[in-house]
Amino acid sequence: MPDLKPTSLDTALEYIDEGHFVFPVRANKAPACKHGFKAAVNTPEEAEELWRGKDAPLLGIDCGRSNIWVLDIDTDGKEWLDENRDIIPETLTSLTPSTGYHFVFEGHPEIRNSQ
């Protein structure tokens, strides 16, 4: 039976449909394209070209151009999270591969993203 697990390109195309700018990422979390997030694209045609020939099981989002910001809580921040969870507004939240969390928020002109 064929593997029906979606690829990062499949997921990228879904994010593009939502208006996001995306780029391919290697399993070690390094960008799989020259210029990293600066190379992010937002059309299916550009994504298919950018992903072609890349070993990129993950995808990245250019948060600035996608008008979002992400609060990234790593495993060592779980104590802080437990103490402060009540001040974090309800929002899209995902569990990261390293068992941390990403809390995704709509962009705001006074909040900038960083690595």
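Reader: How many helices and strands does the protein have?

Author: Three helices and five strands. Keep in mind that this is a predicted model.

Reader: In what order do the elements run from the N terminus?

Author: The order is α-β-α-β-β-α-β-β.

Reader: What box do the C-alpha atoms fill?

Author: Roughly 45 × 40 × 25 Å, taken along the principal axes.

Reader: And what share of the residues is buried?

Author: Buried residues make up 30% of the 115 in the protein. As for contacts, take those with a separation of 6 or more: 61% of them join residues 24 or more positions apart.

Reader: Let's do helix α1. Which of its residues are buried?

Author: Helix α1 covers residues 8-17, and its buried residues are Ser8, Leu9, Ala12 and Ile16. They span an arc of only 95 degrees around the axis, so they sit on the same side of α1.

Reader: What do they pack against?

Author: The buried residues of α1 pack against β1 (22-25), α2 (44-51) and β2 (58-61).

Reader: Which residues of α2 are buried, then?

Author: Ala47, Leu50 and Trp51. Looking down the axis of α2, these fall within an arc of 90 degrees, so they line one face of the helix. What covers them includes α1, β1 and β2.

Reader: What follows each of these helices?

Author: A glycine with a positive phi in each case: Gly19 follows α1, with phi near 95 degrees, and Gly53 follows α2, with phi near 75 degrees.

Reader: Where is phi positive in a residue other than glycine?

Author: Lys29 is one of those, with phi near 75 degrees. Thr99 is another, with phi near 65 degrees. For background, most residues other than glycine have a negative phi.

Reader: Where do Lys29 and Thr99 sit?

Author: Lys29 is in the loop between β1 and α2, and Thr99 is in the loop between β4 and β5.

Reader: Is Lys29 buried or exposed?

Author: Lys29 is exposed, because its relative accessible area is 62% and the cut-off for exposed is over 50%. Thr99 has 37% relative accessibility, so Thr99 counts as partly exposed.

Reader: Back to the inside. Which residues have the most contacts within the largest nonpolar core?

Author: That core has 16 residues, and those with the most contacts inside it are Val22, Phe23, Cys33, Ala47, Leu50 and Trp51. The elements that give two or more residues to this core are α1, β1 and α2.

Reader: Take Val22. What is it in contact with?

Author: Leaving aside neighbours within four places in sequence, Val22 is in contact with Ala12, Tyr15, Ile16, Ala40, Val41, Leu50, Trp51, Leu59, Gly60 and Ile61. Ala12 and Ile16 are among the buried residues of α1, and Leu50 and Trp51 are among those of α2.

Reader: Which residues does the second core include?

Author: The second core is separate and has five residues, including Leu81, Ile88, Phe103 and Phe105. Phe105 is buried, with a relative accessible area of 13%.

Reader: New topic. How many aromatic pairs does a search of the whole structure find?

Author: Two. In one of them, Trp69 and Phe105 have ring centres 4.6 Å apart and planes at 20 degrees, so the pair is stacked.

Reader: Which strands do Trp69 and Phe105 lie in?

Author: Trp69 lies in strand β3 (residues 68-73) and Phe105 in strand β5 (residues 101-106), so the pair ties together parts that are 36 residues apart in sequence.

Reader: What sits over the ring of Tyr101?

Author: The charged end of Arg85, 5.4 Å from the ring centre.

Reader: Why does Thr96 count as buried?

Author: Because its relative accessibility is 11%, and buried means under 20%.

Reader: What does its side chain do in there?

Author: A polar atom of the Thr96 side chain lies 2.8 Å from the backbone nitrogen of Gly100. Not counting residues up to four places away in sequence, Thr96 touches Tyr101 and His102.

Note on methods: Residues numbered from 1 in each chain as written. Predicted model: local features only at pLDDT ≥ 70, side-chain atom pairs only at ≥ 80, totals over all residues. Heavy atoms only, no water. Buried < 20%, exposed > 50% of the residue type's maximum accessible area, 1.4 Å probe, protein only. Helix = DSSP H or I, 4+ residues; strand = E, 2+ residues; numbered from the N terminus. Arc of directions from axis to C-beta. Contact = heavy atoms within 4.5 Å. Phe/Tyr/Trp six-rings, centres within 6.5 Å; stacked < 30°, edge-to-face > 60°. Lys NZ or Arg CZ within 6 Å of the ring centre and 35° of its normal. Polar contact = N/O pair within 3.5 Å; in protein donor to acceptor, adjacent residues only side chain to side chain. Core = buried A, V, L, I, M, F, W, Y, C linked by side-chain atoms within 4.5 Å.
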